[in-house]
Amino acid sequence: MLHRSMQLVDRRQDVTLTTYILADSPEMLNGKKRPAVLVCPGGAYLNCSDREAEPVALRFAAMGYHAFVLRYSTYYEGAGTFPPAKDLPVNPNSLYPAPLRDIGRAFLTIRAHADEWLVDVDKIAICGFSAGGHNCAMYAVKWHDPVICDFFGAAPEAFKPAAAILGYAICDYRLMFREIADPFIRDLGDAADIAYFGTKTPTPEQLAAASPVLHVSKHTPPTFLWATAADPVVPAENSTRMASALAAAGVPFELHVFENGGHGLSLADQATAGSLWDTDADAAQWIDLAGAWLKKRFAL
């Protein structure tokens with residue numbers, strides 16, 4: 001396996017692409033290119049979670065895909081503490097569209113090394129969790145948009161994802177502005193909003209612009225969604241509304257909402273658990289279900 005981390009933005013050591021490139025062998029694909037999965041960890045746009053990074057990439061690598069982890073632009077720039085402080089000042093480096101464009105940078109980097117790494121650039125999936133899932137969902141509906149293509153001066157085809165896998169993702173940002181009793185969740189939401197919007201009170205126009213459900217089109221790739229009905233941070237309705245939008249646009253999708261399990265489960269087993277609260281035997285099925293779904297499109 002070729003395992004290396006590369007900096008994607010000058011003078012930004014926190015924005016990196018880490019590779020999990022499977023070694024070629026005459027006993028396996030013998031020089032043929034493999035599909036790939038680009039993983040975007042969550043972290044409320046404050047940091048990128050380790051629990052939703054390498055262990056997930058390794059699981060996809062075990063399925064026979066090249067894998068990558070993108071640590072995109074976040075508020076604390078890879079050096080913050082958790083939980084976040086209250087009343088954070090604005091950090092312009094983390095504001096939209098910086099995290100979105102980092103996915104575009106990752107696609108251009110993978111394409112530039114496609115022959116060396118033996119990556120099938122027509123079969124690259126994006127996989128994100130929570131805020132990383134929101135970033136991936138935004139990319140899934142905007143990969144062909146001028147906010148990416150014009151910024152990099154490249155044709156839309158260079159950025160096209162073949163599939164999206166969204167775990168407990170924010171898909172309708174309007175749902176996140178609700179009455180929340182838990183002060184920790186409320187403060188976390190405020191910090192995330194400052195990180196992404198630059199304010200704790202984004203306008204209705206900002207919320208609509210940041211809601212992928214409102215921007216699904218025929219260009220949106222096939223999507224696999226999963227969430228838990230018990231998630232206290234990101235309501236499962238984010239995923240059900242996204243599924244409805246995909247259905248209305250005629251985009252293939254698969255949706256799984258597990259009854260139990262909190263937020264931030266990642267693989268939901270001991271491979272990614274900081275405690276028993278991070279495990280759930282039913283929700284842990286999502287990775288195998290996603291693997292079966294992905295195999296329909298990415299069979300080697």
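Student: Which residues are linked in a network of salt bridges?
Tutor: Asp 172, Arg 174, Glu 237 and Arg 241 make up that network. Keep in mind that this is a predicted model.

Student: How many salt bridges does a search of the whole structure find?
Tutor: The search turns up 11.

Student: What does Lys 33 meet in a salt bridge?
Tutor: Its partner is Asp 115, at 2.6 Å from N to O. The pair links distant parts of the chain, 82 residues apart. Lys 33 sits in the loop between β2 and β3, and Asp 115 in helix α3.

Student: Is Asp 115 buried or exposed?
Tutor: Asp 115 is exposed, at 59% relative accessible area. Lys 33 is partly exposed, at 39%.

Student: New topic: α9. How many residues does it have?
Tutor: Helix α9 has 13, covering residues 286-298. From first C-alpha to last it reaches 17 Å, close to the 18 Å expected.

Student: Which of its residues are buried?
Tutor: Among them are Trp 286, Ile 287, Trp 293 and Phe 298. The buried residues of α9 pack against several elements, including β3, α1 and β5.

Student: What about Lys 296, buried or exposed?
Tutor: Exposed, at 64% relative accessibility. Lys 296 also forms a salt bridge with Glu 254, at 4.0 Å from N to O. That joins helix α9 to strand β8.

Methods
Residues numbered from 1 in each chain as written. Predicted model: local features only at pLDDT ≥ 70, side-chain atom pairs only at ≥ 80, totals over all residues. Heavy atoms only, no water. Helix = DSSP H or I, 4+ residues; strand = E, 2+ residues; numbered from the N terminus. Expected span 1.5 Å × (residues − 1). Buried < 20%, exposed > 50% of the residue type's maximum accessible area, 1.4 Å probe, protein only. Contact = heavy atoms within 4.5 Å. Salt bridge = Lys/Arg side-chain N within 4 Å of Asp/Glu carboxyl O.
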